[in-house]
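Please examine the sequence and the structure shown below before reading on. The explanation is meant to be followed with both in view.

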Amino acid sequence: MPQTPAPPDLTPLGVWPGTAYPLGATYDGVGTNFSMFSEVAERVELCLIDPDNREQRIPLDEVDGYVWHAYIPTVAPGQRYGFRVHGPFEPERGLRCDPSKLLLDPYGKAFDGHFGSDSAPYIPGVDSLGHTMTSVVINPYFDWADDRAPKRPYHETVIYEAHVKGMTITHPDVPPELRGTYAGMAHPAIIEHLRDLGVTAVELMPVHQFLQDRLLLDRGLRNYWGYNSFGYLAPHHEYAANPAPGAAVTEFKAMVRDLHTAGIEVILDVVYNHTAEGNEFGPTICFRGIDNAAYYRLTDDDPRHYMDYTGTGNSLNVRHPHTLQLIMDSLRYWILDMHVDGFRFDLAATLARELHDVDRLSTFFDLVHQDPVVSQVKLIAEPWDVGEGGYQVGNFPVRWTEWNGKYRDTVRDYWRGQPATLGEFASRLTGSSDLYETTGRRPGASINFVTAHDGFTLADLVSYNEKHNAANGEDNRDGETYNRSWNCGAEGPTDDPAIRALRARQQRNLLATLLLSQGTPMLLHGDEMGRSQRGNNNTYCQDSELSWMDWSLMHTNADLLDFTRRAVALRTRHPVFRRRRFFDGRPSAAPDHPGDIAWFTPEGEEMTAADWDNGFGRSLAVFLNGTAIAEPGPRGERITDDSFLLCFNAHDADLNFTLPDSDHGSEWTVALDCSTPTGAAPDRAYHAMSTIEVSARCLLVLRRTA
């Protein structure tokens, strides 16, 4: 192995033994403790980097339990640093130490600079100083004032999936210097939009420090989504308005504080399943050079190669106790120090793989379950990965909620007119008890969504049959091919007024179904105003107007925005749409007092087994009884609400629905009409057993008034 050149002769610093914990760089107001784990290292050097990119190497002579550490009393916040790890380079044994690489701190809380050639494929023996980022010592002190976590229960939660940069980069009321940043996300114009919409939580796409892929940069593209993390305790520095090293930490905290003041929770999309180093041909920037076999799943028969359950080249080794410790320490740090309110775990099934199969009771989930800090925040799983048996919707343990992929697929199929049983649709509408009730979970465990960052936006879902990803430079091979979408009669933009009207109505149908289903709804940012990605369903590399919010749509599609606000408000005002417990479903013992839910055909007759099994059924009505909510309120009070009748017509023709008998209500008015641009309808009374016309492909919501 080629030897690295001798370091410059800088003035020596005083070095104390320090402590093995906490790991990383910890400033205490006087100096900084440095601590790093490596079981395979033979020697570790701490490298302090000056403004001219010169380094001073300090041997870490203290080692406790494979943790190398020292305390330096003169090191303050803003100091850039890294590590060099001396040890075996034997890829055939899974060992890849290389002291020519300046390695980033796995526990780094801030990073500075950019990657140059060192984000390219690994080249042994070539010094990476000057071509890699550096870790930064941060100031941990921050004035949180009277910050309080909203701690909103799931049944009162409306999640809004957003991208820090995409949400703010074009907003006309956000000052230019704040656009695309954490400070921009906390700007009153953004917060006002979220509050007016009725959102209670923002789920931020990855903000852990991530790597810009060299292959994308060479094609003039960028890693926009950020699912390429390496800094699990650091906010991504490119989202900071202040470019000073470490400033992203303070700016992120201020964003959380301001969102909390507005009553909005902050949930982070976290990527603990793989890192940015990729497979054996990827760059050595951190974990690989520190302790490759501890951090990564290697193939049993040839440790030169990596197990890949994620499609990214590697998978974190959650079987190793220190890797588990890193994940748990990261989660606790974001809760206790950064005040976030929960996490959405990308490809969470990967974290359950102890050997090869997905184990619902794996060590990671046991650790989370017993942890007094992590177990108390929102824990949302993306319940699949790309490995065999990776689709695990409904199989996660208690305390976990899940992105309900079955909800997405069923609701899409229903409104685009695909043959499917009405029973499946009814299960998804009522909280998916078939998936969650047997594991002791409640309707809130179902994170209901129709669209998310990965796939079509809502406007594109009703405008395209096929993906149009040519801009990604992969000949349209990337992205999901089977989207359960329907273009309503023309592919892409059209001037046909009938098609445009149908598309608008379909968007309202999907939004209303989502927001009035039992469970926890999640909106994709921009769907409330018809944001389009021009048919691209995989904009991971599109850091451009194709992916960013187009705030002019607030005016162009003002009716859709008004409709979404109206539907969210309907859910918020009425607990019958957001029950804590599943419906009982049994008829009441008293004949003139119906149970908590009842299902009807358009003819006003209660559904039979034959009706439920009708594979071509496209219409039904559901009665939600607001006077039969069994669960008590937070103070033990009885909850009573209005009763509603939801009339679903996915046929291509208008249908007359006969209202139920007077036992279910003697008088009704329209609360939401998806056939009108804003959902508003004339104030007119409809009586029991009378008929009401429900437009083709339309959801009509009636409220009982007597």
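The model is a predicted one. Its protein chain is assigned two domains, domain 1 covering residues 24-137 and domain 2 covering residues 581-704. The centres of domain 1 and domain 2, taken over C-alpha atoms, lie 63 Å apart.

Helix 7 (residues 321-336) and helix 8 (residues 363-370) form a crossing, with axes that come within 11 Å at an angle of roughly 40°. This crossing is right-handed. Helix 7 contributes Leu 324, Ile 327 and Met 328 to the contact, while helix 8 contributes Thr 363, Phe 364, Leu 367 and Val 368. Of these contact residues, six are nonpolar and one is polar, with no charged residue present.

Across the whole structure, six cavities of 30 Å³ or more are found. The largest cavity has a volume of about 80 Å³. Helix 9 (405-416) and helix 13 (497-515) each supply at least two residues of its lining, and helix 9 provides the largest share, three residues. Among the lining residues are Arg 412, Trp 415, Arg 416, Gln 506 and Leu 510. The lining of the largest cavity divides into six nonpolar, two polar and three charged residues.

The second largest cavity holds about 60 Å³. Of its 13 lining residues, Trp 225, His 525, Arg 531, Gln 533 and Thr 539 are the closest to the centre. By class, this lining has five nonpolar, seven polar and one charged residues.

Key. Residues are numbered from 1 along each chain as its sequence is written. This is a predicted model: local features need pLDDT of at least 70, side-chain atom pairs count only at pLDDT 80 or more; totals for chains, interfaces and linings use all residues. Side-chain values use heavy atoms; hydrogens and water are left out. Domain bounds come from an automatic or database domain assignment. Axes are lines fitted to C-alpha atoms, for helices over the stretch in contact, and angles run from 0 to 180 degrees between N-to-C directions. Helices (H or I, at least four residues) and strands (E, at least two) are DSSP runs, numbered from the N terminus. A crossing is left-handed if the near helix is turned anticlockwise from the far one by less than a right angle, and right-handed if clockwise. Contact means heavy atoms within 4.5 Å. Ala, Val, Leu, Ile, Met, Phe, Trp, Tyr, Cys and Pro count as nonpolar, Asp, Glu, Lys and Arg as charged, and the others, Gly among them, as polar. On a 1 Å grid over the protein atoms alone, a cavity is a set of points where a 1.4 Å probe fits but cannot get out, and a pocket is an open set with protein on both sides within 12 Å along at least five of seven lines; lining residues have an atom within 4 Å of a point. Grid points are joined across faces, edges and corners, and a volume is the space filled by probe spheres set on the points.
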